[in-house]
Structure formats: C-alpha cells, structure tokens
Amino acid sequence: SIDLDETLNTVFYNILDVIQAEAGSIFLVDESGETLVCRICQGPKDILGVRVPVGTGIVGYVAKTRQIDVTSDVQSDKRHYGQIDEQSGFVTKSMISVPLISKSEVLGVIQVINKKGGQRFSKDDVNLLQALSSGGALAIQNASYAQRLVQEERIRSELMIAHQIQQGILPREFPGHQDIHFEAFNAPAKMVGGDFYDYFQLDSKRFAFVI
C-alpha cells in the first residue's frame, strides 16, 4: 500500500503473528534523524508516540549501530530504556530488536517482546524476523516516498494557486499618458514572492508609484 499507516499495520501484525510475540512495536526515525518515534505498537498499554533519542535504550542502540539485538533478560540490561515500561506498565522480559534498513538508510527499528508461552526467542525467530524486516523496510520506505510525493504535489498545487492569485492582483498595462511611459515586472525567486507594486494617476499633474 502507498499509505504508510496501512503498510505499518500489515508489516507489524503479520510479523507478530509469525513470531508469536506477546507485544511489539515499530519505531521510525523522525525528520530530524535524531529521534525514534513509536508509530505502531501492541501490548497491554499504548506507547504510541513515545519518543526515544537515537543511541538511547536498546531501540536507540539498534538504530545507531544497525545491528540486531537479542536480549533474554531485558530488566538487567543497562541499555534498557525503563521509561517505556514505566509509561506502559508492561514488564519487558525478552526482546528481539531489528533495524529497518532499506537502500542503506535506517528507517527505524522493529521490536518483538516476550515470546508467547513463556518461552525464549530462538535463533530461528531471529533469522525469520530479520528476513521479514528486510521486506517490511522496503514496503515502509516505498509508502513513505509515495506519501512524500503526494504531499509535495499538494504543496506545488497550493503554491501555483497562490502564484496565480498574486499575479492576478498586480496591475496590468498602464493605459498610457502622453508624458509618461511606465513598465513593471514581477519575478518571484520561486513560486510566490512577498513583493507588491502598483501605480496610478492621482490627478492631471500627479502620478503615484507604490512598491
């Protein structure tokens, strides 16, 4: 899907189902490139919108190093970002964190938490999650590109309308006067500028220019 939210849902819930995890989340890197934002999650508490600096916690570590992380005892791991558990009220026991990378770009991190049935995640789980994440990252990137193109097209359309309005309020050719020849031209650096001009005759002896 070219819709990012729909793509995230498809990727996320299929992976959770296959891996058989109790909970999980997908964090995506924001526009600054310095913060991860939880875009989708499943668990007893909603952590949607939680922000974690890149390099902080396990999720931030994975985004920074681009390395898969398997933690069997999260609570004793010094990298664990405890604020997430505090906000969610959920006890994170074991976790696999995989970077979402497409075309050498780190898009974010997917985490699956606590294997169902109280078991530990296996090597097969890790390999499977890595394989699924590769395809998921590509789908997410394609959806992001499509969303960005739609937004850029909307902005271009709005700027074109603004350009037409601006040009429409500028005066047209001066009807002429035997003693005056006047021409004006407006060329904004981009689509729209902040300049305005006008000119008009006040009376038989006075002519006004406004810039």
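This is a chat about the predicted model shown above.

Colleague: Before we start, what are the ground rules here?
Modeller: It's a predicted model, so local features need pLDDT of at least 70 and side-chain atom pairs count only at pLDDT 80 or more, while totals for chains, interfaces and linings use all residues. Residues are numbered from 1 along each chain as its sequence is written, and side-chain values use heavy atoms, with hydrogens and water left out.

Colleague: OK, helices. At what angle do α1 and α4 pack?
Modeller: About 175 degrees, with the axes of α1 (residues 4-19) and α4 (residues 123-169) 9 Å apart. α1 and α4 are therefore roughly antiparallel to each other. Axes here are lines fitted to C-alpha atoms, for helices over the stretch in contact, and angles run from 0 to 180 degrees between N-to-C directions. Under 35 degrees counts as roughly parallel, over 145 as roughly antiparallel, 65 to 115 as roughly perpendicular and the rest as oblique. Helices (H or I, at least four residues) and strands (E, at least two) are DSSP runs, numbered from the N terminus.

Colleague: Which residues of α1 make that contact?
Modeller: L4, T7, L8, V11, I15, V18 and I19. On the α4 side, the list includes L128, L132, A139, I140 and Q147. Contact means heavy atoms within 4.5 Å.

Colleague: And how do the contact residues divide?
Modeller: Into 12 nonpolar, 4 polar and 1 charged. Ala, Val, Leu, Ile, Met, Phe, Trp, Tyr, Cys and Pro count as nonpolar, Asp, Glu, Lys and Arg as charged, and the others, Gly among them, as polar.

Colleague: What comes between α1 and β1?
Modeller: A loop, and Q20 is found there. Q20 has a positive phi of about 60 degrees although it isn't a glycine.

Colleague: What does Q20 touch, leaving aside its neighbours within four places in sequence?
Modeller: N114, K115 and K116. The C-alpha atoms of Q20 and G117 are separated by 9.0 Å, and those two are 97 residues apart along the chain.

Colleague: Is N114 buried or exposed?
Modeller: At 5% relative accessibility, N114 counts as buried, whereas Q20, at 33%, counts as partly exposed. Buried is under 20% relative accessible area, exposed over 50%, partly exposed in between (1.4 Å probe, protein chains only). N114 sits in strand β6, and its phi is positive too, near 55 degrees, in a residue other than glycine.

Colleague: Switching to strands, which ones does β1 pair with?
Modeller: β6, in the antiparallel sense over 7 bridges, and β2, also antiparallel, joined by 6 bridges. Two strands pair if DSSP finds at least two bridges between them. F27 stands opposite V109 in β6, and V29 stands opposite L36 in β2.

Colleague: Anything on the β1 and β2 hairpin?
Modeller: There are 5 residues between the strands, and G33 takes a positive phi near 80 degrees. As for β1 itself, 7 of its 9 residues are buried.

Colleague: What about α2, which of its residues are buried?
Modeller: G57, I58, V59, G60, V62 and A63, in a helix spanning residues 57-65. Their cover includes β1, β2, β3, β4, β5 and β6.

Colleague: Last one, how many aromatic pairs are there?
Modeller: 4. The rings of Y197 and Y199 have centres 6.4 Å apart and planes at 5 degrees, so that pair is stacked. Rings of Phe, Tyr and Trp (its six-membered ring) pair if their centres lie within 6.5 Å; planes under 30 degrees apart count as stacked, over 60 as edge-to-face and the rest as tilted.
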